[in-house]
Amino acid sequence: MSEAGSGRVRLDKWLWAARFFKTRRQAVEALAGGKVQVNGEKAKPARLVGPGDELRIRLGPYEHRLTVLGVAERRGPAAQAAALFREDPAGRAARERLREQHRLARPLFAQGEGKPSKRDRRQLRRLKGDEGPP
């Protein structure tokens, strides 16, 4: 599992190898935006992480709380990536509750019939007092 000689690897590489981000560039942008914390502190891309470090990763409205179990500098299959960390059960439960709330929430806009027809547009213009073209 460990490809680094010291058992530690750059945080941006680890996030990419653990499949939290599709590219290292996206991982670097998330780090620059403060979306990732290591042991409770904002981290930079070159920060070294190793087994035992605790990470908080915010992806959209969801927060992942996990502990690093292993390191990898290369991206492998999903099963290998899942072996690199252990997720906090309380964090997973909170994320699933939030996902369920989003699923049950009312949509922000009602699905209509599409755009108004020519006749509907004419009626809207008449209501507004703007006769315009016939």
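**Around helix α2**

Modeller: R19 has a relative accessibility of 40%, so this residue counts as partly exposed, since buried means under 20% and exposed means over 50%. The model is a predicted one. R19 lies in the loop between α1 and α2. Its phi is positive, near 65°, although R19 is not a glycine. As background, most residues other than glycine have a negative phi.

Next comes the helix itself. Helix α2 covers residues 24-32, and its buried residues are A27, A30 and L31. These three span an arc of only 100° around the axis, which means that they sit on the same side of α2. The general rule behind such a pattern is that an α-helix has 3.6 residues a turn, so residues three or four places apart point the same way. On the other side of α2, R25 and A32 are exposed.

What do the buried residues of α2 pack against? Their partners are α1 (11-17), β2 (36-38) and β3 (41-42). After α2 comes G34, with a positive phi near 75°. N39 is not a glycine either, yet its phi is positive, about 50°. With a relative accessible area of 39%, N39 is partly exposed.

The largest nonpolar core has 23 residues, and the members that touch the most others are L11, W14, L15, F20, L55 and I57. At least two residues of this core come from each of α1, α2, β2, β5 (54-59) and β6 (62-68). The largest share is that of α1, with four residues.

Apart from neighbours within four places in sequence, I57 is in contact with L15, F20, F21, K35, V36, Y62, E63, H64 and L66.

Last, the whole chain. The protein chain has five helices and seven strands, in the order β-α-α-β-β-β-β-β-α-β-α-α from the N terminus. Of its 134 residues, 28% are buried. Among contacts with a separation of 6 or more, 48% join residues 24 or more positions apart. The chain exposes about 9400 Å², and carbon and sulfur atoms supply 51% of that area.

How values were computed:
Residues numbered from 1 in each chain as written. Predicted model: local features only at pLDDT ≥ 70, side-chain atom pairs only at ≥ 80, totals over all residues. Heavy atoms only, no water. Buried < 20%, exposed > 50% of the residue type's maximum accessible area, 1.4 Å probe, protein only. Contact = heavy atoms within 4.5 Å. Areas by Shrake-Rupley, 256 points an atom, 1.4 Å probe, with all protein chains shown as cover. Arc of directions from axis to C-beta. Core = buried A, V, L, I, M, F, W, Y, C linked by side-chain atoms within 4.5 Å.
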